[in-house]
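Subject: The structure you asked about

Hi,

Here is the structure, ready for you to open. My notes on it follow below.

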There are 2 protein chains.
Amino acid sequence: MVFSSYMVLAQEHPNLILTKRGVEKIRAELGKVPLFDASLKIIQEEVDAEIALGIDTPVPKDYSGGYTHERHKRNFLILQKAGVLFQILQDEKYAVYVRDMLFQYEALYKDLPVHPKERSYARGKLFWQCLNDSNWLVYVSQAYDCIYDWLSKKERQQLEKNLFRPFADFISTENPQFFNRVHNHSTWGNAAVGMIGLVMGDEELIQRALYGIEDDGLDADAKDNDGGFIKTQGKAGFLANLEEPFSPDGYYTEGPYYQRYAMYPFLIFAVGLHNVKPELKIFQHKDSVLLKSVNALINLSNEDGDFFPLNDAQKGMSYYSRELVTAVNIAYHYGGSDPRLLSISEKQDRVILDDSGLSVALGIREDKTESFKKQSIHLSDGPDGKQGGITVLREDKLELVFKYTAHGLSHGHYDKLSFMLYDEGMDVLQDYGMARFVNIEQKGGGNYLRENTTWAKQTIAHNTLVQNETSHFNGEYEIGSQHHSELYFYDVSDKNVQVVSAKENNAYPGTKMHRTMALLSFEDFEKPVVLDLLRVSAQTENQYDLPFHFLGQVMKVNFDYSSPSDLGALGTDNGYQHLYIEGKGKPKTKNTKLSWLRNNKFYTLTSVIHKNDEMLFTRLGANDPEFNLRRDASLLIRRKNSKNTVFVSTIESHGSYSPVSEFSVDSNSGIAELQVVHDSSDYTAVTIENVEGKVGLFILSNKNPLKDKKHTLTINNKNYQWTGPYHFIKTKQ
Amino acid sequence: MVFSSYMVLAQEHPNLILTKRGVEKIRAELGKVPLFDASLKIIQEEVDAEIALGIDTPVPKDYSGGYTHERHKRNFLILQKAGVLFQILQDEKYAVYVRDMLFQYEALYKDLPVHPKERSYARGKLFWQCLNDSNWLVYVSQAYDCIYDWLSKKERQQLEKNLFRPFADFISTENPQFFNRVHNHSTWGNAAVGMIGLVMGDEELIQRALYGIEDDGLDADAKDNDGGFIKTQGKAGFLANLEEPFSPDGYYTEGPYYQRYAMYPFLIFAVGLHNVKPELKIFQHKDSVLLKSVNALINLSNEDGDFFPLNDAQKGMSYYSRELVTAVNIAYHYGGSDPRLLSISEKQDRVILDDSGLSVALGIREDKTESFKKQSIHLSDGPDGKQGGITVLREDKLELVFKYTAHGLSHGHYDKLSFMLYDEGMDVLQDYGMARFVNIEQKGGGNYLRENTTWAKQTIAHNTLVQNETSHFNGEYEIGSQHHSELYFYDVSDKNVQVVSAKENNAYPGTKMHRTMALLSFEDFEKPVVLDLLRVSAQTENQYDLPFHFLGQVMKVNFDYSSPSDLGALGTDNGYQHLYIEGKGKPKTKNTKLSWLRNNKFYTLTSVIHKNDEMLFTRLGANDPEFNLRRDASLLIRRKNSKNTVFVSTIESHGSYSPVSEFSVDSNSGIAELQVVHDSSDYTAVTIENVEGKVGLFILSNKNPLKDKKHTLTINNKNYQWTGPYHFIKTKQ
């Protein structure tokens, strides 16, 4: 069956990622395209060094971070590169290296049992999970394609019969719980099976990759290691994976960290399909969602190119990763040559060695680069774009990320209406990210740590409201994954008044939350002021905790607090067991202030406070015997016995300090008073007064977000009229 | 009296820092020396902006960080620059600006009382302490010199009579407790009085500056705010300040942070003396100690140019500071044009606008720059170089700083035989530095915080031995300032085996400490291994604590420990009251291991441990209600009921992690076993075994450090013979 379909589809190779024609073009330009030549040189040195070391395909035994895992991972990355070098340099030593290693794998794989480590819901053979086996095949398919024509037919038959086809079957039909899902794991599996199918001309594998396994026999309630459901309404295969997790704006529901990870198989398989099956028009699929997703991903990085750590995400991952080099190159080549992408490639300072990398390098050589100025952006979530979304408000190097998405599959965290704030690429109010040290074997085999569940996923770990010390949706995936927040409105038409507003009605049954965040530019302030307006309406009395996870050194507060001599935990569950209480305060004034220093810049949080509110300084680290968590600080506003209430705060970035000149500039908050001057079910209004007595007034329509709706409101005997969901005026008193 | 001496010394101006001839040379080169021209442009923009803002000389009221303090500070910096611009650009607007501001100061100063803030032992008038008033005069003397000839005689007389002479008298004869000391404060005072004396041609002031006030009437036991003695055996004046705190190697006993601060008045007054009183040969004084001190200072900075935070020192201060721009320029111009200094100037990317800055800019223009490769160095302490010292061992971007100095005057900390370790410019085992936020008003007026005394100065805050929970010298300045450690030997002749060894016999009466630290390079290790060998001999049984203040995230330990549910303080005094106990462990094996991740690199501390030793994980922050301290971690080895004992550890820098590629490389320690194979009063011997079983043997002669001394020793029936204080062999077992 395999060989019959092979005969039908026989084509010249390479034809998967590299093509005969592409290779000719690359060879014609060699030595004349600086960035391509430099990238080629680095890869050649890397591969030559590996060839000199000799081939090692050890019997699998380790988790990630361990030797056998890292060796096999390195092998597939090098194999892919060696294949490309053979095509571009036409030096047989690379083909020999690829062939010899493939035959070692063929010998190893024939009788290889499932991997000895038992933790995965879908154990692999070379690696502890099918996911990594799929990584291997995605890369190795490319290597095989590069030496396909150079191998004898007999050699090909031996490899395909003993290695590639059984390998593809193992990660698909033998592991449907891994292969037949809507999940980044399956995307890798689909791409792996599809790519080797394209090289082998195996139509059965290609169909399986595109549309999934028909009868997988899976239980509808089955879950994976991360607690995510296996089944998604019977959807499976590459096209379903393209359909489901991407919104029409290109936002990937798991968040940018996993989008980055998934982008590689999405795009590289798409290129293969584009080359071998152009009739699928894969890059045009769903209004070009694949190309849009690269744009979305770049927009979800901060000033330095680091991705915002939404949901499970390791901090520090950025558009400098190898996956993004590929993504940017492919998006440029197949997506209309957006010259702004070239500026990202220039920062990455390397290209991939194929048609798209050559395109990019040529674009740069021809000085086509334009700067990629990231603007404020709203990205919808959900397959149809109707499951909330993400907004990034940007101005003057401030970046405010506001989350009102769907759950984000098994890697989602339970926080709705949370935010994080960056200034010049540094997080000032942080999202913790995940509790995991990816690939560091010493830390739980490089896998998710217990504290990812007990802390990082819990709502208290995020800058959003916690009711009665429980997480949103009670921290239950079954509930959380059924709901999403709703965008109320997003308006950045005036860059001096950028506003986003969203509602969440399901996180706590009986309680409705409505949060509005704005970046307001005033002449008297160096940087825009963040306004945070959170309304809560509840059917019962509750305790509300609003944490601000500030990073840096406390400079000053304007309230008294007691400091315990011994530190105890704030609570017993839902993340509270990880927080020590470092201070407990009572407000003396109508506004509390906290100033802190971060990255040699000053920040001040000013909050409208109620008489009985408690201010809690907390420190992460309780019940963390293995030092898996960072010892980060937070300030928590606690309001007890409240039904309906409103939390209003501003955050200022002001001034700077230099430990070299020892100059301290503008180290004090510029806000004299923050006041709620009106609050009803229809409208909420807030004044911001600076030290010179000038005032800004912000009015929000709580019920009607329509742009053309006319409003009138009387506050303190003064009449205000406006159109649209909010009204902002700057005035002198 | 003033005006009589004035008539005698009358000279053309400028003649202090700028000279008539120098200005002509600068003007001839304008527009042709890139670095000079760029520096000029920046300063011109800065001064023009200030001129546009207008002059403000507010009535003094604030501490540092407050408006009046920062305004007057800015004024003197700008005045000096405006004076220089007038000379170089010959644009009268700068002279007008200087004159107008000087007359505002003249009007303000006439009836100005002492500064309202009362904290200082020597209150100033413009500022809260005479120190800052002296800063003002050092800079303003230069501005006055620049417009001296441009002013009318009447204007000069008015300024000198009402402002400069009273100002100079106030900070000297009226504040002898400030002026007549050996201390960086007095150096500023001396330079201030001397420089205005040189400009005014006032020989009385010049003599006072050079030799101090004869009869100061000060109490021999008087102390300043920092707890330092006022009197130093009757020594005073600029020359005594040059004599006393500098060792013959140019090490300044307070440490590099304060050396940097003091260098400016030392050097700038020296240039003035060089120009006006060349017969003093000030730059040749004490075997050219001023020029040597610049070299010492550069050598006391890490890979990134940040000074090692010895004694009171704010982290982050570096050779990029304005004081070091001046120092490097002057050292180049007056010190034989060392081309390596040009590489520092290139990094600083600016020069001062005078003869020396021009020299440097010309040197760079003419491509004379050579790289400044910092090597291992030993710098003696004490006026005669016989009061211990400092060693920096350097290899492969590792920098080990070992302290065995004298106390370092009032800014000294009580730790002897302490060390800190840097790797690629980051501290891996830290010295806390000082508990102060210089010039940040919110934090205790920018002054020293209580925690500087209760934590930062205490011995437990440093990586050295603490006996019975008390600091060295019982934390008493009167005792500590009478003693110093002794260098035992320093040998870096073999760059693969760099060793320094020192003894301390006075920190704890009845207890002798001998610590030897080495950087050992092995073929099988990526970076040199730090060997730390600390022998203690005591007359009574004691409790010993050896802390390792590691920075970063714990990766792995090889011992069990219990984690308390509530955190309590480790002790009640001497710094112990600031440490929480996060874990309490008992060793299971002969070696304990702690691995941690810092700046994406892995480190492992391996220690030879005794059966009853305790391992304590501590966290800074107890009894710190104002969040003045960082929440840093430490590991403490506690050994109870011991007389004579030896602590042996190694520290490895190994491998790396990338959050972008997520590759974890070489994350495990390479050391299999560390063993004390011999320990007697004469010799201590240690073996280091790596995972492949290869062994290094290090033998130390405990009693005789002579280079040509021959030794023989039998260990495990094997005979060793060598010459010199240590023996190191690499061998296979």
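In which helix of chain A is A:Tyr477 found? A:Tyr477 sits in helix H18, residues 477-480. Please keep in mind that this is a predicted model. A:Tyr477 is buried, with a relative accessible area of 9%. Setting aside neighbours within four places in sequence, A:Tyr477 is in contact with A:Gly227, A:Gly228, A:Phe229, A:His407, A:Leu409, A:Ser410 and A:Tyr414. A:Lys601 is 124 residues from A:Tyr477 along the chain, and their C-alpha atoms are separated by 39 Å.

On the annotation side, an unreviewed UniProt entry lists residues 380-635 of chain A as "domain: Heparinase II/III-like C-terminal". That span is 46% strand and 4% helix, and its end C-alpha atoms lie 31 Å apart.

Now to how the two chains are related. The same surface serves both copies, as 100% of the contact residues of chain B recur in chain A.

I also went through some helices of chain B. Helix H3 (residues 34-53) has 20 residues, which should span 28 Å at 1.5 Å a residue; the end C-alpha atoms are 29 Å apart, in agreement with that. Which residues of H3(B) are buried? They are B:Leu35, B:Phe36, B:Ser39, B:Leu40, B:Ile43, B:Val47 and B:Glu50. Viewed down the axis of H3(B), these buried residues fall within an arc of 125 degrees, so they line one face of the helix. The face of H3(B) turned away from the buried side carries the exposed residues B:Pro34, B:Lys41, B:Ile42 and B:Ala52. The cover over the buried residues of H3(B) includes helices H2 (20-29), H4 (67-89), H5 (92-110), H15 (341-348) and H16 (355-365) of chain B. After H3(B) comes B:Gly54, with a positive phi near 95 degrees.

H16(B) is mostly covered, with 10 of its 11 residues buried; among them are B:Leu358, B:Val360, B:Leu362 and B:Ile364. What covers the buried residues of H16(B) includes H2, H3, H14 (322-334) and H15 of chain B. Just after H16(B), B:Asp367 takes a positive phi of about 60 degrees.

Helix H6 of chain B (residues 130-147) is another one to look at. Its 18 residues reach 25 Å from first C-alpha to last, close to the 26 Å expected. Of these 18 residues, 18 are buried, so H6(B) is largely enclosed by the rest of the structure.

Finally, the cores. The largest nonpolar core has 131 residues, and those with the most contacts inside it are B:Trp136, B:Tyr144 and B:Phe164. Helix H12 of chain B (residues 256-276) gives this core its largest share, 14 residues. Beyond its neighbours within four places in sequence, B:Trp136 has contacts that include B:His72, B:Phe76, B:Tyr105, B:Phe164 and B:Phe167. A second, separate core of 130 residues includes A:Ala209, A:Val271, A:Phe437 and A:Val438.

Best wishes

Conventions:
Residues numbered from 1 in each chain as written. Chains lettered and ligands numbered in written order. Predicted model: local features only at pLDDT ≥ 70, side-chain atom pairs only at ≥ 80, totals over all residues. Heavy atoms only, no water. UniProt positions renumbered as here; feature names shortened; annotations may be inferred. Helix = DSSP H or I, 4+ residues; strand = E, 2+ residues; numbered from the N terminus. Expected span 1.5 Å × (residues − 1). Buried < 20%, exposed > 50% of the residue type's maximum accessible area, 1.4 Å probe, protein only. Contact = heavy atoms within 4.5 Å. Arc of directions from axis to C-beta. Core = buried A, V, L, I, M, F, W, Y, C linked by side-chain atoms within 4.5 Å.
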